[in-house]
Each structure stands twice: as C-alpha cells, then as structure tokens.
Amino acid sequence: MPGMLHDWSLSRIQAMNSSPSSEGPKRRDSPSHSGNEMQQKQSKQRKVPVEDGVVTIDCAPYCRKIGLYRPPFRYVWCVKDICGVICAIFTWLLILYAEYVVMFVMLLPGHNAFYSLVHGILYNMLASLAIGSHLRTMFTDPGAVPKGNATRENILRLGLKEGEVVFKCPKCISIKPERAHHCSVCQRCVRKMDHHCPWVNNCVGENNQKYFVLFTLYICLISIHALYLAINHFISCLGSDWKALDRCSGLSPPATTILLIFLIFEGLLFGIFTAIMFGTQLSAICTDETGIEQLKKEQATWDRKSKWLSIKAVFGHPFSMEWFSPFATPKFVYQQNFMYAV
C-alpha cells in the first residue's frame, strides 16, 4: 500500500513536470491573481458606506417663503422606516382619540363649567407638550456620526499618540467615538445611543434624549388624567342612571360606555408603559449609562459624572423651566470632542 501511494505521487509529479511550460506560470499565478481581485473587491466594499436609512431636510428655504428667517431648527431628521412611520401615526391617533373622548364626550357636555374649563385647559396643555415632545424626538438628529470620515487624512489629523486606538465602524466607514453604537435601522452610528424606539421612529441618543424623557413624562401624565376623568364620568353617569344624557355625553349609554372603556384601557396600558420608560430613562441618566451599555454590561471606560451633572448633560445648564419644555434646545457649558475614542 505505501508503494502504491508512492508510485501514484511520483506519476502525478512527473505529469505536472511534463506539462507545457506556458501553462505552468498560468497555474501558479492564477490563484494569487484571483486573490488580488477578491481583496480589491473587498476593499472597495469596505470603502463604500451602507445605504443611509435617514433623510435630512433643510427647512430654511421653506421657512423663508413664509417669512420666517430664523427658524428654531433648520434641519429635520427623517428615518426611512415604514414600521416606525406606522407606529408614529398610531401614536398620534391614540392621542387624538383620547382628546375626542375627554373633550367632546366628558367635558363639553358637562353641567359644571368651572370643572370643564380647568380640566380642559390642563389636559390640552399636557397633550400639546406630549405631541411637541414626540415631534422633537422624531425629527431631531440623535447625534449621528458623519459617515465616511474614517480616511487616512482624518486619522492623521487627529494627532494620536503612541498606544491610542481609533475605532472604525465597518458599516458607516466612520471614526467611531467612545460610547457610540451603530443602529441597524438608521444605518448610522449614534453618540450615546440608548435604543431605537419605533414609537418615535428614531434613535434615542445624545441630542434628543431630553425630548424622549419629556415625551414619556407627558404621555404618562395625560394617561393618568384621562383615566381619572373617565372613571369619574362613568361613576357620575351610573349614579344618575343615565337620565341626563345631554350632561353625560349626548350619545347613547352603550356608545358612551364603549368609548369610556376603551379610554380607560388606553390610559392604563400607556400610563404604566410610559411610567416604566420614564423611570428607566431617569435611572440610566443618573447612573451615566445608556440602555445598550446596561444590556451589554459594558465596562465603563469613561469618567462617570455625578447624578446632577449627568442630568444637566441631558437637559442643559443651568436648571430652568426650559427643562420641561420640548420647544427649548438644551444649553451646555462645554462641547466635548467626539472625534475618536481611546
């Protein structure tokens, strides 16, 4: 058996040596040539960032047409995700449904004008703040890193010392800052990314976390308020045995009951959900740790700030009533350099 293997190997070597010399170089060079082509293709693929999942719209030309030369914000950030768009529209519909039941079923037909006026103003004020917070969270750049900036010139421009490391995102082809993560929906790296929320159709990151926290707060408050109004109205209508229909809702008792039951269910569901989200966000801010960092249990390589400084890093400095306004952009004492991470 060894002799047969030896004779077979010798015959194969002789056959290879007896082949024309013109074919030898071709056979030897073809693997390396194909390997070079594959490397070139891979390098070209690496240098091209993935297709962007967002669209940035410049609002300045449109604002000038209506006479607004200094808009509060110039660029609008839109994520091209159909699931997120559906969830955002569904959120607006739920708010509009609660608005209809609260105003046109409970408050306006009521016999107590002072009661209806106070609760109507309070509810609409909270609802306006909730919608404003949702829009600012949805259309604000969460802190995206510029795509394709991981070039040799930009890396040399950083002036890194020996031992310092630059992290590069293979999908964005960008210099990845510390605590930045790549979002598979937006197809962008986002600074201090907490998570991607389909209800606001955007990532929650460094630039829009304040608006998301306010959104969860105001949705929770209007849910509690609507829940209180619905239960109180239902009890008062039952107590009067639905005799004064014009004071109950102007609708039939079955229709009023169904509308109130759906509102109570909506208030309970979203009140509990947003209360948990609000508490989770505050906990993450106070511990100076994002949701992704907590989920991955990443070791902190950054200097943790105190609770008060962490809150001011999200809502701005100094403390003012603008913290509770979604229409006010946070003001910070200093601007950090997010070009590279060590």
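Two residues are in contact when they have heavy atoms within 4.5 Å of each other. With that in hand, let's look at this predicted model. Of the contacts in the protein chain with a separation of 6 or more, 67% join residues 24 or more positions apart. The chain has 342 residues, and 38% of them count as buried. Its secondary structure comes to eleven helices and eight strands.

| Helix | Residues |
|---|---|
| Helix 4 | residues 82-107 |
| Helix 7 | residues 209-239 |
| Helix 9 | residues 253-286 |

**Helix 4 against helix 9**

The axes of helix 4 and helix 9 come within 10 Å and cross at roughly 135°. Helix 4 is therefore oblique to helix 9. The crossing of these two helices is left-handed.

Which residues of helix 4 and helix 9 meet? Helix 4 brings Leu94, Ile95, Tyr97, Ala98, Tyr100, Val101, Val102, Val105 and Met106. From helix 9 come Thr256, Ile258, Leu259, Leu260, Phe262, Leu263, Glu266 and Phe270. By type, the residues of this contact between helix 4 and helix 9 divide into 15 nonpolar, one polar and one charged.

**Helix 7 and what follows**

Helix 7 has 31 residues. From its first C-alpha to its last, helix 7 reaches 45 Å, close to the 45 Å expected at 1.5 Å a residue. If you follow the chain past helix 7, you come to Asp241, whose phi is positive, near 60°.

Definitions and conventions: Residues are numbered from 1 along each chain as its sequence is written. This is a predicted model: local features need pLDDT of at least 70, side-chain atom pairs count only at pLDDT 80 or more; totals for chains, interfaces and linings use all residues. Side-chain values use heavy atoms; hydrogens and water are left out. Axes are lines fitted to C-alpha atoms, for helices over the stretch in contact, and angles run from 0 to 180 degrees between N-to-C directions. Helices (H or I, at least four residues) and strands (E, at least two) are DSSP runs, numbered from the N terminus. Angles under 35 degrees count as roughly parallel, over 145 as roughly antiparallel, 65 to 115 as roughly perpendicular and the rest as oblique. A crossing is left-handed if the near helix is turned anticlockwise from the far one by less than a right angle, and right-handed if clockwise. Ala, Val, Leu, Ile, Met, Phe, Trp, Tyr, Cys and Pro count as nonpolar, Asp, Glu, Lys and Arg as charged, and the others, Gly among them, as polar. The expected span of a helix is 1.5 Å times one less than its number of residues. Buried means under 20% relative accessible area, exposed over 50%, partly exposed in between (1.4 Å probe, protein chains only).
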